[in-house]
Every structure is written in C-alpha cells, then in structure tokens.
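Got the viewer open and a cartoon on screen? Let's walk through this one stop by stop.

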Amino acid sequence: MTTDVINPATGTVLTSVPSLGLAEVDQAIDRAQRAFPGWRAVAPGERARLLRRFAAVVEEHLDELADLEVRNAGHTIGNARWEAGNVRDVLNYYAGAPERLIGKQIPVAGGLDVTFHEPLGVVGIIVPWNFPMPIAGWGFAPALAAGNTVVLKPAELTPLTAIRLGELALEAGVPEGVFQIVPGKGSIVGQRFVTHPAVRKVCFTGSTEVGKSIMAGCADQVKRVTLELGGKSANIVFADADLEKAAAAAPASVFDNAGQDCCARSRLLVQESVYDKFLALLEPAVRAFRVQDPSDAAAEMGPLISAAHRTTVASYVEGADVAFVGNAPEGDGWWFPPTVLLAHSPGDRHWREEVFGPVLSVLPFRDEQEAVRLANDTEYGLSGSLWTRDLGRALRVSRAVETGALSVNSHSSVRYWTPFGGMKQSGLGRELGPDALHGFTDVKNVFLAS
Ligand code: TAP
C-alpha cells in the first residue's frame, strides 16, 4: 500500500510513499532486535564517531532536507533550515554521551557495588506532522547514543524528511537495522510499537488523546514511555514590562509554524492597566506578520497542514469576538490568517482548548495572583512566557506557573542542551539535554562480594 504526500501550500501531490502493514512492521522490529546486541557492543568511542559522522552527513544535505520540509510540511525556509540544523546539533550533542554514560561506585560492606546505564533494546518513536525533523532527532539521537536500536514512524502526512534521514544514517555508516524508518498509519505501525513485546520503549509526540491510549497500552507490558503532548501555554505581560518588546515578540510566539506548535503561547494574559495600550502595540505587529509562499526567504508563516485541519481551526473563530486579523494568501493551499480573539471568560472554547493554528486568545488580569491562577487553570503545562522588569516577580511567577519550560522576557522554549517536556497532561519524561538519556537507559546495580 502507498500514501500520497501533499504539498500544503498548493494542495498538489508531491509523491507517494509506502504505508507498511503489520507483517512488514514486525520484520523491521525483528531486524532492530537482531541488530541490538551488535550495536550495544560497539565501543563507546566508535559509537560516538558514527553519530558525529551521521551529523556531518546531515550537514552535507542540509539544504536538501530543508527544501523537502518546506514542500512537505509547509514550513518556512528559515524554519526548515533551523530544523535540519537542529538534527545535526542534537546528533553532535549526544555523540558526547556514549563515552560519558558513567555509573557510580557505591560504598557498601563486603564487596564492590557499581551501577551501569544499560540500553533498553528496541525503541519505537512515533512522530507527529508539526515538526517532523526535530522531534525525530530528539528521540533517535539520545536513543542511539545510549546503545538502543530504533524504529521510527513518521506522521503519514509528513514522512519525507524522516525517510531521507534513514538513508543518510546508512550512508554515514550506521549499521543496517540500527535505525529504521517505518512509514504508515498510527493505528497499524504506531499501535504495533505498543503491542510488540520486543519494543521496550515508546516515545510518542502528538495529541493528548492518543498519548493516553498509548500509555494505557504500554502498561500491559510495563513498557517505558515518554509522552510529549498538547499545550495551551500562557504569555503573561505585566504592566512593568518592556511592552514594545513583548508586543513585538508575541506574534511569533504563537503564529510560528502557523500555530501548529505544542509550545505556542496561545493564551495572552495582559495586566488590565496596560491592556488597551498593549493591544494597540500588538495589532500592527500581527497585521505585518508575513504569511506567504514558505519557500520565500521573507516568509514568517506558511499554510496549515491539511484542509481538514483548516476546518478545525476555523471552527474556533466562528462566533468568537475577533479583535483583529492579519493577512494570508488566497487560492490553493490551506492558508489561514493570524487571528486575535478576545476571551470574555476562561470558559471560552478558544481559551481552553488547544487550537493548533494561528489563533491567539487574549484576556486581561488584575494582579500577579490572578495571572498565576489563570495561567494554571488548564489541564496542560508545557511552556510559557512572562514579561516583567521586576526580578522578584519573575522568580515568584516562574516557580508558581505549572509548566515544564518557561521563558522570562523571551519566547523560546527549545534549546537542545536543556530539558524539554510537560507537566500535568502535557506529557511525561523529558527530551533534550542530559535528562533525555535517563529515559533511554535502565540503571543496573552489580554487587561483587570480596
Ligand atoms: P495524533 O493523532 O496524536 O498523531 C501523532 C502521531 O501518532 C502520528 O504519527 C500518528 O500517525 C500517530 N498515531 C495516531 N494514532 C495512533 C495510535 N492509535 N497509536 C499509535 N500511534 C498513533 O496527532 P494529529 O492527528 O497529528 O494531531 C491532532 C492534534 O494533536 C493536533 O491538532 C494537536 O492539538 C495535537 N498535536 C500535538 C502535537 C505536539 S507536538 N504535542 C503534535 C501534533 C499534534 P498518523 O500518521 O497515522 O496520523
């Protein structure tokens, strides 16, 4: 079976790729299982060298990978280059790990006690369509570095860069069976990762609903699981902030990648004393946001991923109080303009639910206490920002907001050397930074009697 791959900026078919059935998935998992003993036995320095070589080959193909992502996912060329570069950086970062998976020697009576960080075996990685390259890399780079073998399922809508990365790994000398791309449906390929006993861990990024079903499925075999799920992050602007800077940053913090970002700061909380002033600063920034052909270097935002998704996003705007709307091209492709909605209560649907589109909801707040209460009034807890010149407030609010990553006077969430992941129903476990490695190893304790 095959699946057509569509360019979301034009609606045209780019190519078609295989959609694997159960027997083929099982064959891939068997290959990964057979490759595991050899891969875990590769000397640490040699495994590090192979990962660095893989990074170098990604670097050599950076433009090609970026161009593929522009056409397959509708990402702007600027973002797509960053994303391909992120895969390279993450591979280089975790190439340092094989030689540093250092255990402990623990003082005990009667002998020697040492710990080892053992790889788990075959790791199944399930990737969504919103950031196909980085999310794949955040899983496979630390998993491989720790000595696991990997089967990776890209989203059906966006398989092209993952398939290419699988080829580049082989070109770099990563042995056959160690890193395989298994394209196909979540209900077949993804589910098989959950049920197949040889897959020892599932890393899933996507919707909270599917994440919960994967967690429940994994419980049957006490399978390890990392979940990176939805978000409804708050961008809190206090009256004492640099309002110009905060207003200039707010559009990209929610409209980047057309809002199809689990870290999107889609709830804007503005202190009521500066509410009108802030909206007046925000409006021109939103109207100036450049939504255009994503292959154009000036583009700040491309199309949505699919026609069906555009219908879902539009349903949040129908009947809502629209403050102002930016621009978007007309005609072919799944375009949607940056849209700012006024929330009238924290119960409003667009305020509560993850829209996963270029829609920003705004609500005023009275004081610090109310800002924290409103920010935390959600089942999610992934990311967020706060803007203030008061250091004490920055620290108090950072500690009080229930979220895995928070930025003060900035809107960035992801740095490959720092941990990333959710609190509450935004996820389980951490990706990136040193913490990710714990998720791909089990600690073994060995006691040698003297
Ligand atoms: P999901 O349906 O959760 O899909 C994410 C990945 O999981 C895809 O590879 C998908 O495969 C696979 N999958 C689907 N059902 C599965 C199952 N039963 N078992 C195993 N794997 C399964 O997300 P979506 O449809 O792409 O997006 C829906 C909503 O999820 C979005 O609107 C957004 O709210 C949220 N979302 C969040 C994120 C992040 S980064 N947290 C990313 C994407 C989406 P297919 O290729 O067959 O779909």
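The tour goes from the annotated domain to a sheet, then to its helices and the ligand shell.

Keep in mind throughout that this is a predicted model. Start by selecting residues 3–446, which an unreviewed UniProt entry annotates as "domain: Aldehyde dehydrogenase".

Next, pick out the open sheet: it has 6 strands, ordered S7-S6-S5-S8-S9-S17, with mixed pairing. Colour S7 (179–181) and S17 (427–428) to see its edges, since each of these pairs on one side only.

Now zoom in on S5 (residues 122–126) and S6 (residues 149–153). The two run parallel and are joined by 5 bridges. Click Ile125, and you'll find its bridge partner in S6 is Leu152.

H5 lies across S5, S6, S7 and S8 (199–205), and runs at about 165 degrees to S6. Then show helix H6 (residues 160–172), which also packs on the sheet: H6 touches S6 and S7, and makes about 150 degrees with the direction of S7.

Last stop: the ligand. Which residues come nearest to it? Of the 25 around it, those are Pro128, Gly186, Gly190, Gly206 and Ser207. Bring up helices H7 (186–195) and H8 (208–219), the elements that give two or more residues to the shell. H7 supplies the largest share, with 4 residues. Colour the shell by residue type and you get 10 nonpolar, 10 polar and 5 charged.

Notes
Residues numbered from 1 in each chain as written. Predicted model: local features only at pLDDT ≥ 70, side-chain atom pairs only at ≥ 80, totals over all residues. UniProt positions renumbered as here; feature names shortened; annotations may be inferred. Pairing = 2+ DSSP bridges. Contact = placed C-beta atoms within 7 Å. Axes fitted to C-alpha atoms, helices over the stretch in contact; angles between N-to-C directions. Near = placed C-beta within 6 Å. Nonpolar A, V, L, I, M, F, W, Y, C, P; charged D, E, K, R; others polar.
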